[in-house]
Amino acid sequence: MSDGGATITATGLRKTFAGPDGHAIAAIDDISLTVHPGKLTALVGPDGAGKTTLIRMIAGLLKPDAGSLCVLGIDVAADPQAVQDRISYMPQRFGLYEDLSVQENLDLYADLHGVPQKERKERFARMLEMTDMARFTERPAGKLSGGMKQKLGLACTLVRSPDLLLLDEPSVGVDPLSRRDLWKIVQQLVDDEKLSVIVSTAYMDEAERCAQVFVMNRGRLLAEGPPGDLKKQAAGLTFTATPPEGMPARELQARLIDAPDLIIDAVPRGGSVRFIRRPEADEARFFELLHDALVEARPEEIEDAFMMMLRRQERQDRKTPAEPAAASVAAKRRDNPDKPVIVVRDLVRKFGDFTAVASTSFDVAPGEIFGLLGPNGAGKTTTFRMLCGLLPATSGHLEVAGLNLRNARAEARGRIGYVSQKFALYGNLSVRENLEFFGGAYGLRGKALRTRIAASLERFDLDPAMQSGLLPAGYKQRLAMATGLLHEPDILFLDEPTSGIDPLARRAFWHTITSLAGDGVTIIITTHFMEEAEYCDRIAIQDAGEMLALGTPRAVRKEAGDEGMDMNNAFIAIVEQGRAARNRKPSAA
Amino acid sequence: MSASGFTTRLVALTRKETRQMLRDRSNLVVGLLLPVVLILLFGYGLSFDVKDARVTVVLEDSSPTARNIVAGLHGSPYLAPTWETSMAEAERMIRAGETDAILRVPGEFSARLAAGEGGLQLLLNGVDSTTASVIEGYVDGALSVPMQQQADRAGNKPAGAASVTIIRRIWFNETGESTWFLVPGLIVLVMTLIGAFLTSLLVAREWERGTLESLFVTPVRPLELVLSKLAPYIVIGGIDLILCLLAAKYLFLVPMRGSLWIIVVSSLLYLLVSLGLGLFISAITRNQFAASQMALLASFLPAMMLSGFVFDLRNTPVVIQVISQLLPATHFMGLIKTLFMAGDYWPDILRNCSILAFYAIVLIALTRRSLAKRLD
């Protein structure tokens, strides 16, 4: 490696912040790396890995506590402005001025970067065409959808061709369709202009598109190299297991993940279970574990390598305690899903002229895991809120736990548990105090309350004395679930429960969900991680308020065209088919 | 970076700020409507003048001499005397708040007056002490002339009384109209409100929405950010200043004895100070709610209570006096009142304007520093 033309050279970089409890936390812990020009480079790692801190240091917004950092040959700590004059940076939440129009936002950034008027015209035309926003130039940025805002943010950072482009998780919170568009733009610029790009991401499939990948976790660099090299360590260890007829993939997945001495990782995908075998696994026990499944080898992917690295670091650190002890995972199969617990008929919700949810109908059986998926603004949150009785329906019939939500809303609420997207517990109360408060709010008291609290502390492996606000994200999640389950509801509603928690914590979370469903609790869940749809018994895909698909993950994939495709592509296909159909309708009429 | 880069960026940023200001209706309400409301509220609603004070006269001596003296009360536009015969009833009225004062003319008043020792009793409702002392002054003034005449007529001057006569004149505000000193003070309040309150949201909003992070990684310099945020609000403040001056001149008929241009220049200087204060608070709190609360506490309330707007600061404890001397509002308050009512007095103008200029420069420099392009 020659340092001569390196875009970035970092040696012994370190940055610490004061944690919520006053102790210093190393966000970046002794990182050295070299990034070469003209390439697409990825920083990959779960939330809290230190990606944003590293990118902000490169952009000259944070000063390293130790080590040196050279960007474009300039010592960024000494002269941040010199770097800032030459780079473009898109923070995680790009600062669009919501009250300015699309064009005005573009003009502002072009002026700030000093783009000459004649270059501007051509550049704007190109950006608007690539982002497909030429029609919306007069619209205020605040009135764009989430995906469009992100595209406009990218266009604003690219009003000129920078010497280095920094993208901090450009695809977080963006639906798969917009995500694909964003990447198309970036790829095109790298090809056409030989742009040097550093992109941080939590999505492994995005890392696979990059020339060079740096894998980070907890402030440290775990590995670096081209994706092809990185994934080699998983070679020969990756398999797919197809469960026998009638067994949900998640049941087999739970069984595999419960055998950590044989299996490194397992996830349901496309009706089967993808897993990584531990190289030193005992053959006999391995075959016994998978006796009823059809096991096939599959090519390794970067995600496999990534999970191996995470598990290895976890073993070394021993920081994350064991996953919560799940109760009986063996499903109590209900022979006759007698009566559905949720009945939705012709549900409609309008906000003024805007129809957020159009005539939607479905049933959910007891003990079922039901997933609501859709792009941003699809109406899933509205549907969800109506089901929990937080928002009255404009019209239609809605029955939850055998009660009509029109006249028995309070009663129905006593039968459901709700875990909201944000951490909605009191951060300055202890774990026990939060549980006591929410138990009390559901009318539990005395001995009953104490027993339930003791049981959930054990189930979720929580320390009652800890201050809730200081818990790590995964544990906050557990506490939120514990409070939602205290009154032993029939139905548990979870709104995007896995956003913002790392892959290991997500595995643990789904493990708990699977076991809860096994106990007969009905689970209604929204998520924007499409692969998580595989854990669901049935999923519903919404777009623009309409139900586009409803059924088992397998059936939905089939509807999308190919049973074997992954959920992400199936989702994109279904939403695009739906949009095409909608566009045809008015023109035919 | 070349000077042209500076201009291009400054123009772009100022245009952006102006657009944002014009598109946010609540900004315009606070910036233009609220000053009008304040002008009307303080101009008409707040006054320390007492007009038509209710004085109950209990005439226990009905001699012509007594009647003659008390008749003086009728001549005053500030007093509305009523007549009562029983002292008990008058006392009941003052307790019930039906009257503000009792003037008692005792039984042998004329006889005693003839003897040179005539005395009247004035009972005041001290619940509102300001009003009480104002009424005392009025009654005193209304009675002194007929008393004097009566004494002259009687020809028996009390020994020594005639040799010293105090002739009272109030300078600068001859009739003691409170609007005369409240309305110039209002300019201070309006400038404070526009400056500190409106701008306190500006930087904090950009922190909250994350727009600042994007701006930082561009060739933008901190000073350009500060200047672009000042410019549109100087215009709004200028409009408000014109409104205030028009209202002072044509609505409240306050004299403007100092030069207009000095009034305008010093007001704009003070506007810069409060804009700087607002921006500085906004830049360090990074939170709109905290910033607006703090701006209210640090600028508007002190400007109202501690600047000498209403209360004479010389009567306050030393600590408060020290604090008030630290407030730019106090210096501008003193200056603008002098300018309006007393005229140009250069030593005062120069001293106060330099203090204001000093504050403006310090605050703007501090804001610029707090916008150093750093997130840690």
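In this predicted model, the centres of domain 1 of chain A and domain 2 of chain A, taken over C-alpha atoms, are separated by 34 Å. The bounds of these domains come from an automatic or database domain assignment, which gives chain A domain 1 (8-224), domain 2 (231-317) and domain 3 (423-488). Residues are numbered from 1 along each chain as its sequence is written, chains are lettered from A and ligands numbered from 1 in the order in which they are written. Because the model is predicted, local features need pLDDT of at least 70 and side-chain atom pairs count only at pLDDT 80 or more, while totals for chains, interfaces and linings use all residues.

Two residues are in contact if their C-beta atoms, placed from the backbone, lie within 7 Å. Domain 1 of chain A contributes 8 residues to its contact with domain 2 of chain A, which contributes 6 residues.

Chains A and B also touch: 23 residues of chain A and 25 residues of chain B take part in the contact. On the side of chain A, α3(A) gives the largest share, 4 residues. Helices (H or I, at least four residues) and strands (E, at least two) are DSSP runs, numbered from the N terminus.

Chain A also has an open sheet of 4 strands in the order β16-β15-β18-β19, with antiparallel pairing; two strands pair if DSSP finds at least two bridges between them. β16 (354-364) and β19 (403-404) of chain A are at the edges, each with a single partner strand, so one side of each lacks a neighbour in the sheet. Strand β15 (residues 342-351) of chain A pairs with β16(A) over 7 bridges, and A:Ile342 stands opposite A:Val364 in β16(A).
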